[in-house]
Amino acid sequence: MKICPNAYYNYLKHSKAAYLEKKQFICNEIRNIYHELGGIIGHRPMRVFLSRKDIRLSKTTVYKYMNKELKLQCVCRRKKPGYKKGHAHKIFPNLLEQNFRVEKINQVWCTDFTYLFLTNGTTRFNCTIIDLYDRSVVASENGKWMTSELAIRTLKKALKATGCIAQNLILHSDQWSQFTSLEFILFCQDHSITQSMSHAGCPYDNAPMERYYRS
């Protein structure tokens with residue numbers, strides 16, 4: 001049967017039965033944790049989650065179980081496409097100063113851009129406006145390019161959807177050139193919309209939008 005004596009005697013003694021049972025239990029835990037978190041973690045954070053369940057293994061062992069035997073790969077976020085920053089026509093002061101409590105609907109809106117990766121490998125850009133009163137989406141538009149035209153189109157859709165007369169309405173954004181462009185500023189002025197902008201390089205100033213896109 002071409003079996004070495006050592007393997008035969010180990011089989012008789014069942015010396016590896018406990019090891020194989022424990023290994024199967026650990027692999028089941030790894031599989032459950034992986035799917036509960038949506039497959040977004042690799043073997044290093046997996047080791048941390050296992051330790052919280054009193055399963056202490058080396059990084060190498062977790063990698064072997066997860067990647068080699070279970071074939072579970074971390075779902076990585078794609079790199080953002082290259083973006084050339086334009087020149088700002090005008091920068092507006094931050095009227096919110098991280099105070100995101102609003103008492104009435106259609107009083108303060110927040111907006112921002114994000115990237116959408118399609119299954120065919122192409123990239124689309126999304127502009128969304130949310131109402132700070134209840135964090136609901138007022139309008140959302142997609143386009144092939146991140147332009148001020150896309151921002152204006154989204155804002156037009158928001159005004160039409162709510163039917164509100166934008167008096168005393170504050171639109172808070174970051175300092176992207178699409179929101180600081182002359183076209184977008186003139187559109188806001190024509191509709192009596194007061195612009196507010198985050199400080200440069202401070203995502204916390206527009207935290208509700210960042211949270212929306214993250215979720």
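## A residue in helix 2

Cys 27 is found in helix 2. Helices (H or I, at least four residues) and strands (E, at least two) are DSSP runs, numbered from the N terminus. The model is predicted, so local features need pLDDT of at least 70 and side-chain atom pairs count only at pLDDT 80 or more, while totals for chains, interfaces and linings use all residues. Residues are numbered from 1 along each chain as its sequence is written, and side-chain values use heavy atoms, with hydrogens and water left out.

Cys 27 has a relative accessible area of 6% and is buried. Buried means under 20% relative accessible area, exposed means over 50%, and partly exposed lies in between (1.4 Å probe, protein chains only). Leaving aside residues up to four places away in sequence, Cys 27 touches Tyr 65 and Leu 70, where contact means heavy atoms within 4.5 Å. From Cys 27 to Ile 185 the separation is 158 residues in sequence and 57 Å in space, C-alpha to C-alpha.

## Helix 2 against helix 4

The axes of helix 2 and helix 4 come within 11 Å and cross at roughly 70°. Axes are lines fitted to C-alpha atoms, for helices over the stretch in contact, and angles run from 0 to 180 degrees between N-to-C directions. Helix 2 and helix 4 are therefore roughly perpendicular to each other. Angles of 65 to 115 degrees count as roughly perpendicular, under 35 as roughly parallel, over 145 as roughly antiparallel and the rest as oblique. On the helix 2 side, the contact is made by Tyr 19, Lys 23, Ile 26, Cys 27, Ile 30 and Tyr 34; on the helix 4 side, by Tyr 65, Met 66 and Glu 69.

## Salt bridges

How many salt bridges does the structure hold? There are six salt bridges, each being a side-chain nitrogen of Lys or Arg within 4 Å of a carboxyl oxygen of Asp or Glu. The table gives some of them.

| Pair | Closest N and O atoms |
|---|---|
| Lys 23 and Glu 69 | 3.0 Å |
| Glu 141 and Arg 153 | 2.7 Å |
| Arg 153 and Glu 149 | 3.2 Å |

Lys 23 forms a salt bridge with Glu 69. Lys 23 lies in helix 2 (residues 17-36) and Glu 69 in helix 4 (residues 59-69), so this pair ties together parts that are 46 residues apart in sequence. Lys 23 counts as buried at 18% relative accessibility, and Glu 69 as partly exposed at 37%.

Glu 141 forms a salt bridge with Arg 153. Because Glu 141 is in strand 3 (residues 136-143) and Arg 153 in helix 5 (residues 148-162), the pair ties together parts that are twelve residues apart in sequence. Glu 141 counts as buried, at 18% relative accessibility, whereas Arg 153 is partly exposed at 29%.

Arg 153 also forms a salt bridge with Glu 149. These two residues, Arg 153 and Glu 149, are four residues apart in helix 5, which means they are separated by about one helical turn. Salt bridges that share partners join Glu 141, Glu 149, Arg 153 and Lys 157 into one network. Glu 149 is partly exposed, with a relative accessible area of 46%.

## Aromatic rings

The count of aromatic pairs is six. Rings of Phe, Tyr and Trp (its six-membered ring) pair if their centres lie within 6.5 Å; planes under 30 degrees apart count as stacked, over 60 as edge-to-face and the rest as tilted. Phe 113 and Trp 176 form a tilted pair, at 6.5 Å centre to centre with 50° between the planes. Phe 113 lies in strand 1 (residues 108-117) and Trp 176 in the loop between strand 4 (169-173) and helix 6 (177-180), so the pair ties together parts that are 63 residues apart in sequence. Phe 113 is buried at 5% relative accessible area, and Trp 176 is partly exposed at 21%. Ring pairs link Phe 113, Trp 176, Phe 179 and Phe 184 into a cluster.

## A residue in strand 5

Ser 196 lies in strand 5 (residues 193-197). The relative accessible area of Ser 196 is 0%, so Ser 196 is buried.
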